[in-house]
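Colleague: Could you take a close look at one residue for me and then walk outwards from there? I'd like cut-offs with the terms as they come up.

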Amino acid sequence: MYKKAVSALALVNLLFLFGFICLRGTQINRLASEPAHQIKADESLLADSESSSIGIVYVAASGQRVVDFSVLEKELAYDLEEKDLEMLLRIVEAEAGCEDEEGKLLVANVVLNRVVSEKFPDTVSDVVFQRENGVTQFSPVSNGTIWSVEISEETVEAVGRALEGEDISQGALYFAAREYADSSKMKWFDDNLTFLFRHGGHEFFR
């Protein structure tokens, strides 16, 4: 568990540079199939990162995953503190690890929509760990899986898109997987919220 935490924090520390430099859009290389000790950083990326853009190389402690991409110059719509970026990555992975990239983007959108809404706390961490009447808002917080996830390359991409300001959520503030949710919870959703759309295994509401 500690190795996973160190790996995730390494990613967070690198991604935190987004707030000081900028993002450049598209993934340039995938090396996930090679062990980490066989992979060398691309010198052109390192050189480029000293200029107006940034190349990011993330090697997990397990030696099984590498995220290697650069992003086009673009200002962030959200400038998160390091702990908030980590929590956003973790909750997206925990809630939408089996969804496609748009599904992950949608979960990130909902969390960020809550941050800017007057109905919810003002930071990602406070949104993720919010409790009402002792009940957590997100099941991965209550069951602890938020701490055991391994953040995927696709999750990094989706969160990057959300931080750039891409929002496909239609203002959603809630989502639920009806197939797995408690029936009383879904009844509250149906009776008190406005249904927006379905994507993958999630339904989105506001």
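Which helix does serine 125 lie in?

Modeller: Serine 125 sits in helix H5, which covers residues 124-128; helices here are DSSP H or I runs of at least four residues and strands are E runs of at least two, numbered from the N terminus. Before going on: this is a predicted model, where local features need pLDDT of at least 70, side-chain atom pairs count only at pLDDT 80 or more, and totals for chains, interfaces and linings use all residues. Residues are numbered from 1 along each chain as its sequence is written, and side-chain values use heavy atoms, leaving out hydrogens and water.

Back to serine 125. With a relative accessible area of 12%, it is buried (buried is under 20%, exposed over 50%, partly exposed in between, with a 1.4 Å probe and protein chains only). Setting aside neighbours within four places in sequence, serine 125 is in contact with Lys83, Asp84 and Met87 (contact means heavy atoms within 4.5 Å).

Now for helix H3, residues 82-96. H3 packs against H7 at an angle of about 125°, the axes being 10 Å apart (axes are lines fitted to C-alpha atoms over the stretch in contact, and angles run from 0 to 180 degrees between N-to-C directions). That makes H3 and H7 oblique to each other (under 35 degrees is roughly parallel, over 145 roughly antiparallel, 65 to 115 roughly perpendicular, and the rest oblique). The crossing of H3 over H7 is right-handed, meaning the near helix is turned clockwise from the far one by less than a right angle. On the H3 side, the contact uses Leu85, Leu88, Leu89, Val92 and Glu93, and on the H7 side Thr155, Val156, Val159 and Leu163. Sorted by class, that contact has seven nonpolar residues, one polar and one charged (nonpolar is Ala, Val, Leu, Ile, Met, Phe, Trp, Tyr, Cys and Pro; charged is Asp, Glu, Lys and Arg; the others, Gly among them, are polar).

H3 also meets H4. Their axes come within 9 Å and cross at roughly 130°, so this pair is oblique too, and H3 passes H4 in a right-handed crossing. H3 brings Leu88, Ile91, Val92, Glu95 and Ala96, while H4 brings Gly103, Lys104, Val107, Ala108, Val111 and Leu112. The H3 with H4 contact splits into eight nonpolar, one polar and two charged residues. Leu88 and Val92 of H3 turn up in the lists for both partners.

The axes of H4 and H7 come within 8 Å and cross at roughly 45°, which makes H4 oblique to H7. The H4 and H7 crossing is right-handed. From H4 you get Glu101, Glu102, Lys104, Leu105, Ala108, Asn109 and Leu112, and these meet Glu154, Thr155, Glu157, Ala158, Arg161, Ala162 and Leu163 of H7. Here the residues divide into six nonpolar, two polar and six charged.

That brings us to charge pairing. Count as a salt bridge any side-chain nitrogen of Lys or Arg within 4 Å of a carboxyl oxygen of Asp or Glu; by this rule there are nine. One of them joins arginine 161 to glutamate 101, with the closest N and O atoms 2.9 Å apart. Arginine 161 belongs to H7 (residues 153-164) and glutamate 101 to H4 (residues 101-116), so the bridge spans 60 residues and links distant parts of the chain. Arginine 161 is buried at 18% relative accessibility, and glutamate 101 is buried at 18% as well.

Another bridge pairs aspartate 191 with lysine 187 at 2.6 Å, N to O. Aspartate 191 and lysine 187 are four residues apart in helix H8 (residues 183-192), so about one helical turn separates them. Both aspartate 191 and lysine 187 are exposed.

Arginine 198 and glutamate 203 form a further salt bridge, with 3.4 Å between the closest N and O atoms. Arginine 198 is exposed at 57% relative accessible area, whereas glutamate 203 is buried at 6%. Finally, salt bridges with shared partners tie Glu101, Glu102, Arg161 and Glu166 into one network.
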